[in-house]
Amino acid sequence: WRRYYEQDAWTWEHMALTRGRVVTADPAFRDRIEATIGDILCAPRDGDKLLRDVAEMRAKIAKEHPAPSLWSVKYLRGGLMDLEFLAEYLILRHACDHPDVIDGSTQAAFAKLAKAGVIGVELARRLIEATRLMRQVQAMLRLIAAPAYDADSGSESVRTSLARSAGMDDFAALRDALVTTAQTVQEVFIDMIEDPARALAAETEINKTADGAPRAS
């Protein structure tokens, strides 16, 4: 298992491992597993490759699983997947220097990343609040309707329950908060991952063109 992760695992598998935990094992074996997870996550890695892989994976998911509505908070741009990708990307990029940032909870990871100075305290606060709101909406919809339920066309009772569960005065306030939050998270994702990945791709193309240009004799 260790050899696979060190030699063959794809980037998305390393991202998933940031949330890995031992469910049950005898103490000695549990300690070996946890130490191995730590070693794998803290290993030095190519930051540019990681950035490109994360951006490409998110783009592929957005194409194959577009959010059908604002209330599909898992796949929504600026929703839970963007938040989880941000946390996992930052953990993998910085765990080598800051092993304490590793945490299976997205909210806790953002707090630890801020404590380590990887991201700002205010940014961490906004990302934590965004995660909390998205998870609350997701959990409530799972309880009273369906994960991809379009609350805009839902019953008044569903809307009221959603708003109350999120601590909002009414459904309109919840909807506005969700729209604003998703926009904020998407902007962070673009600034931190998508734009740098595009810049890397453009730089690579420029270098390829320069390498392929005829040399003066």
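**Exercise 1. Determine which residues Ala109 touches, leaving aside residues up to four places away in sequence, and state whether Ala109 is buried or exposed.**

Step 1. The contacts of Ala109 are with Ala87, Ile91, Val101 and Asp103, where contact means heavy atoms within 4.5 Å.

Step 2. Ala109 is found in helix 6. Helices (H or I, at least four residues) and strands (E, at least two) are DSSP runs, numbered from the N terminus.

Step 3. With a relative accessible area of 1%, Ala109 is buried. The classes are buried for under 20% relative accessible area, exposed for over 50%, and partly exposed in between (1.4 Å probe, protein chains only).

Step 4. Ile91 is 18 residues from Ala109 in sequence, and their C-alpha atoms are 7.7 Å apart in space.

A note on the model: it is predicted, so local features need pLDDT of at least 70 and side-chain atom pairs count only at pLDDT 80 or more, whereas totals for chains, interfaces and linings use all residues. Residues are numbered from 1 along each chain as its sequence is written, and side-chain values use heavy atoms, with hydrogens and water left out.

**Exercise 2. Describe how helix 6 and helix 7 pack.**

Step 1. Axes are lines fitted to C-alpha atoms, for helices over the stretch in contact, and angles run from 0 to 180 degrees between N-to-C directions.

Step 2. The two helices, helix 6 and helix 7, are therefore roughly antiparallel to each other. Angles under 35 degrees count as roughly parallel, over 145 as roughly antiparallel, 65 to 115 as roughly perpendicular and the rest as oblique.

Step 3. From helix 6, Thr106, Gln107, Phe110, Ala111 and Ala114 meet Val121, Ala124, Leu127, Ile128, Thr131, Arg132 and Arg135 of helix 7.

Step 4. By class, this contact of helix 6 with helix 7 comprises 7 nonpolar, 3 polar and 2 charged residues. Ala, Val, Leu, Ile, Met, Phe, Trp, Tyr, Cys and Pro count as nonpolar, Asp, Glu, Lys and Arg as charged, and the others, Gly among them, as polar.

**Exercise 3. Locate Glu84 and list the residues that it touches, not counting residues up to four places away in sequence.**

Step 1. Glu84 belongs to helix 5 (residues 80-94).

Step 2. Its relative accessible area is 16%, so Glu84 is buried.

Step 3. Glu84 touches Arg19, Thr106 and Arg135.

**Exercise 4. Characterise the surroundings of Thr18.**

Step 1. Thr18 sits in the loop between helix 2 (11-17) and helix 3 (27-41).

Step 2. Thr18 is buried, at a relative accessible area of 2%.

Step 3. A polar atom of the Thr18 side chain lies 2.6 Å from the backbone oxygen of Met15.

Step 4. Beyond four places in sequence, Thr18 touches Leu41, Glu88, Ile91, Leu92, Ile102, Asp103 and Gly104.

Note on methods
Polar contact = N/O pair within 3.5 Å; in protein donor to acceptor, adjacent residues only side chain to side chain.
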